[in-house]
Amino acid sequence: MADKGHIMDKLIITAALTGAEVTRAQQPALPITPEEIGIAAAECAAAGASIVHVHARHPDGTPTQDKAVYREIIDEVHKRCDVIVQISTGGAVGMTPQERLAPVSLQPEMATLSMGSVNFGNDVFLNRPDDIALFAAEMRAHGVKPELEIFDSGMLATARRWLAKGSLPSPAHFDFVMGVPGGMAATPQALLYLLSELPQGCTWTVAGIGPAQLPMATLGILWGGHVRVGFEDNIHYRKGELAQSNAQLVARVARLAKELGREVATAQEARQLLGMR
Ligand code: KMH
Ligand code: ZN
């Protein structure tokens, strides 16, 4: 087995397969049903992803946090491949905290935990401090590793405070979501600032939105972080050309990483890197 020093260099690729907002009309290859999500996850795992970030949808494509649908998704993924399933507790804007929390009791390996509120398109993605505390407590109770979602730099300041007072498990894993209209810009300067504020020993992933996906992924590889790609954040392969699949986006990052001297992590190696095993 690889020693820790070796695997520390490996890159964790997260595939954000579906999201809550993208439609089939925008991206015809969007996986919606649990079976489609399972198939997309297996393709992404084969292309180099070690985590899949999943959102559930009703058959008509509208977002849901129904625990039964998440259970099906987890089963459909696990029967096809070994990959870490990270469920969304963000859901869609306007859902209640209780609704959003429902799938955590399925005890997935990971779940997202948003560290504050942010304008989201023409809406507000609301995460009150009391709700963040409730989400963190539920994840702790069910043995779920949180990924701290940072949409703006103040959310990292909040996470630092909460980590310092022991309100979040440490070391934490962060996802810097950069380029949401209403959140922080996807620029190298913004990422450098976040890294200067990253608490000691923590790990990080970067997710660039839209055209920022590829440049931010490249910085994630170069600057020792990890990378999230997929249709939730970006539906294009390049300007004016839709991606054919989530796996196509994952495969590009895996190729880039190899060229830049970083091997991609398996799911088992990702668990070790994130302190889950
Ligand atoms: N759909 C966004 C409002 C998450 O998955 O944790 C929130 C979101 C974050 O996608
Ligand atoms: Zn999400």
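Analyst: Leaving aside neighbours within four places in sequence, E149 is in contact (heavy atoms within 4.5 Å) with T112, L113, S114, M115, M155, D175, V177 and R228. The model is predicted, so local features need pLDDT of at least 70 and side-chain atom pairs pLDDT 80 or more, while totals for chains, interfaces and linings use all residues. Residues count from 1 along each chain as written, chains are lettered from A and ligands numbered from 1 in written order, and side-chain values use heavy atoms, without hydrogens or water.

E149 sits in strand β9, residues 145-150. Strands (E, at least two residues) and helices (H or I, at least four) are DSSP runs numbered from the N terminus. E149 is buried, at 4% relative accessible area. Buried means under 20%, exposed over 50%, partly exposed in between (1.4 Å probe, protein chains only).

Now follow M115. Not counting residues up to four places away in sequence, M115 touches I132, L148, E149, I150, M155, T158, A159, W162 and L168. M115 also belongs to the largest nonpolar core, which has 77 residues. Such a core joins buried Ala, Val, Leu, Ile, Met, Phe, Trp, Tyr and Cys through side-chain atoms within 4.5 Å. M115, F174 and F176 touch the most other members. Helix α9, residues 246-259, gives this core its largest share, six residues. A second, separate core has nine residues, among them I51, A265, L273 and L274.

T112 leads another way, to ligand 1. An oxygen atom of ligand 1 is 2.6 Å from an N or O atom in the T112 side chain. For S88, the distance from a ligand 1 oxygen to a side-chain N or O atom is 2.7 Å. For H55, that distance is 3.1 Å. Taken alone, ligand 1 exposes 300 Å², and the protein buries 97% of that (Shrake-Rupley areas). Around ligand 1 (a heavy atom within 4 Å) lie A20, E21, H53, H55, S88, G90, G91, V93, T112, F120, F125 and E232.

How values were computed:
Polar contact = N/O pair within 3.5 Å; in protein donor to acceptor, adjacent residues only side chain to side chain. Areas by Shrake-Rupley, 256 points an atom, 1.4 Å probe, with all protein chains shown as cover.
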